[in-house]
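Work through the exercises below with the coordinates open. Each task is followed by a solution in steps.

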Amino acid sequence: MSEMLQTTDVAASDADLLAQTAIAVREAGSALRERFGEVVRYQTREELMRALAANDETALDILRPRLTRLRPDAGWVEDELDGGALPPGEWWVVDPAEGNVNHLHALPEWAVTATLVRENQPVLTAVHLPLTGETYTALTGAGAHLDGRPLHVSQTADLGLSIVATSQARPDEDEKVVRRVGSSITAMLFDALVVRAAVPATLHLLNVAAGRIDAFWQFAGARADLLPGALLVTEAGGRISDAEGRPWTPQSQSFLAAAPGVHAEAVSTLSR
């Protein structure tokens, strides 16, 4: 009985923590929205990087103190482009401006994300889209939701009827990865109905969780890129693996999220 009560208490605590995390990402999103709208053409890479950093800091100035108060002992991932396994314990994995380049070019595909990882497993995540006002949330064992409404992946069982999507993990990617991305897109163009290619990854994964897109894949990747969507998709009933169908971890060299009915076909296509 005591073990059951303890488990219930942890679940209740995580649910409250998720609600507070959602408030934090909304507040950070509001600050970024105030900076959105004007297209600025940068003359050098250094100018662009400074502008990206300014957006990050605007959101982090809100997120860092709020999330630290919620979980004072949790670690903090400083670089959203980092990958691989985390040390033991709890960690906040945050992308303060997911799709930052889009934001700077007045494109609407950007978001603010915060995910709590416990022993290298995502426990809860909140993703806010400031331009639409939507907030996507997921809690391990409690499902995925859009503004409180349950999300479910698509029931499609034929890759030939599927909309699929991919993204690039980062600029200046390794040549072998770039070529693998190109060949995978070609393969999917033959096998899927429609192929979408754009950044950021998280927004594609929101669409997989919501049943709008049937599969998403990416080679290489960063934790902040994939962890929020991985939790959303699994809690919405989807399947997560690497591109070869093996269990995915933050150390994996590829990532696939799909509706169960097309997962095996997607693996077969990406493995060609």
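**Exercise 1.** How are helix 4 and helix 7 oriented to each other: roughly parallel, roughly antiparallel, roughly perpendicular or oblique?

Solution. The model is predicted, with local features needing pLDDT of at least 70 and side-chain atom pairs pLDDT 80 or more, while totals for chains, interfaces and linings use all residues. Residues are numbered from 1 along each chain as its sequence is written, and side-chain values use heavy atoms, without hydrogens and water.

Step 1. Take helix 4 (residues 175-191) and helix 7; helices are DSSP runs of H or I with at least four residues, strands runs of E with at least two, numbered from the N terminus.

Step 2. Their packing angle is about 130 degrees and their axes are 9 Å apart. Axes are lines fitted to C-alpha atoms, for helices over the stretch in contact, and angles run from 0 to 180 degrees between N-to-C directions.

Step 3. Angles under 35 degrees count as roughly parallel, over 145 as roughly antiparallel, 65 to 115 as roughly perpendicular and the rest as oblique. Helix 4 and helix 7 are therefore oblique.

**Exercise 2.** Which residues of helix 4 meet helix 7?

Solution. Ser184, Ala187, Met188 and Asp191 meet Ala266, Thr269 and Leu270 of helix 7, where contact means heavy atoms within 4.5 Å.

**Exercise 3.** What is the strand order in the open sheet of 5 strands?

Solution. Step 1. The order is 9-8-10-12-11, with mixed pairing; two strands pair if DSSP finds at least two bridges between them.

Step 2. Strand 9 (194-197) and strand 11 (239-241) are the edges, each pairing on one side only.
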